[in-house]
Protein chains: 2
Amino acid sequence: MRAEAKTTGKSPADLLVLERFLPYRLSILSNRVSRAIAARYAKAFNLTIPEWRIIAVLGRRPGLTAKEVAEATEMDKVAVSRAVAKLVSAKRVSADVHDDDGRAQSLTLTPQGEALHARIAPIAIESERRLLAALSITERAQLDALVDRLLAAARQL
Amino acid sequence: MRAEAKTTGKSPADLLVLERFLPYRLSILSNRVSRAIAARYAKAFNLTIPEWRIIAVLGRRPGLTAKEVAEATEMDKVAVSRAVAKLVSAKRVSADVHDDDGRAQSLTLTPQGEALHARIAPIAIESERRLLAALSITERAQLDALVDRLLAAARQL
DNA sequence: CCGATTTAGTTTCATTTGTAACCAATGGCA
DNA sequence: TGCCATTGGTTACAAATGAAACTAAATCGG
């Protein structure tokens, strides 16, 4: 046992235990979950996570511009641009010049994109269901509320 | 309004709302938090997140091998190898051949590494504190328990 | 209407990350 | 003892990501 002189004995190591550190745990949790889900569609459909997010958003809100997609998915515009390019060349998304802005493009799922969406959405939902199976209904509601609050708090960090 | 024939009217889009999808929200949350914290030390100390994790773990548990560090931080061994290489060349970590295995190395913080740890740990703790300030004590306990359960559940996904 | 500024999206280049192949030391075990 | 499968760690190469510069269309001020 190392002498601690007359201090409190609190060293940084006592205060910061990585395994209990919330940011670290959130990162691990998020990675585990994303990887598990992506594993179920990535190779099979040749689809990356950013691409899938765009499909998901366009499925519900067709006609968004790239900028709007970027806002809705919280991806940056470069990521959106690249993913959209791949989706368009795979004929999963069509990009038409926006009616009243020649720079912007109006993005929509093609029938193939729709079909893909229809196939993957259930897989995603099912994964979420399996994850949440570990919690009771009440706990799910708690979790939901807590995550909302943390998301808001994290925005101001 | 589009006709829905005689089905239930539930399309994948109704079921999967990205903004409410837990895996997506966890990903956003984790990114926001990690970026906010990293912003406070990354440039100032020229330290990446993986490097920081290794420092944090070695601070509490000196003498671990690269493999053990990889397990403790849930990083893969390549990431550990690279980060350790940088840390060693920056003289923040020392790597000595392990006593009873010539392949393995025993990793410890140098005095400089210790000093860095002592400076960053409080920053990290403070960030976590600020994030958790959004929650009551009870809620923090709830969150902790929920995250534990989800981490376990996610492992089996 | 014309030039200056802003905005949508793309491209380029450097860095990071992931996967697989690899090297070297170890631990059976015949 | 001497071979072979395993394990700790690194290297090499490809793909993903991020920051900044860039193009082109739109808006604003005069």
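A residue counts as buried if 20 or more other C-beta atoms lie within 10 Å of its own, exposed if 12 or fewer, and partly exposed in between, with C-beta atoms placed from the backbone. Keep that in mind for E74(B), which is partly exposed, with 15 other C-beta atoms within 10 Å. This is a predicted model, where local features need pLDDT of at least 70 and side-chain atom pairs count only at pLDDT 80 or more, while totals for chains, interfaces and linings use all residues. Residues are numbered from 1 along each chain as its sequence is written, and chains are lettered from A and ligands numbered from 1 in the order in which they are written.

**Around DNA strand C**

- A residue is near a strand if its C-beta atom, placed from the backbone, lies within 6 Å of it; 19 residues surround DNA strand C, and the closest are A66(A), K67(A), S81(A), A104(A) and G102(B).
- Helices (H or I, at least four residues) and strands (E, at least two) are DSSP runs, numbered from the N terminus.
- At least two residues each come from α4 (66-73), α5 (77-89) and β2 (101-109) of chain A, and from α5 (77-89) and β2 (101-109) of chain B.
- The largest share of this surface, five residues, is supplied by α5(A).
- Ala, Val, Leu, Ile, Met, Phe, Trp, Tyr, Cys and Pro count as nonpolar, Asp, Glu, Lys and Arg as charged, and the others, Gly among them, as polar; the surface near DNA strand C has eight nonpolar, five polar and six charged residues.

**Around DNA strand D**

- Two or more residues each are given by α5 and β2 of chain A and by α4 (66-73), α5 and β2 of chain B.
- For DNA strand D, α5(B) gives the largest share, five residues.

**Where the two chains meet**

- Two residues are in contact if their C-beta atoms, placed from the backbone, lie within 7 Å; 52 residues of chain A are in contact with 52 residues of chain B.
- On the chain A side, α2(A) gives the most, with 13 residues.
- That side of chain A has 34 nonpolar, eight polar and ten charged residues.

**Two backbone angles to look for**

- Most residues other than glycine have a negative phi.
- N46(A), which is not a glycine, has a positive phi of about 50°; N46(A) sits in the loop between α2 and α3 of chain A.
- E74(B) is not a glycine either, yet has a positive phi of about 60°, and E74(B) is in the loop between α4 and α5 of chain B.
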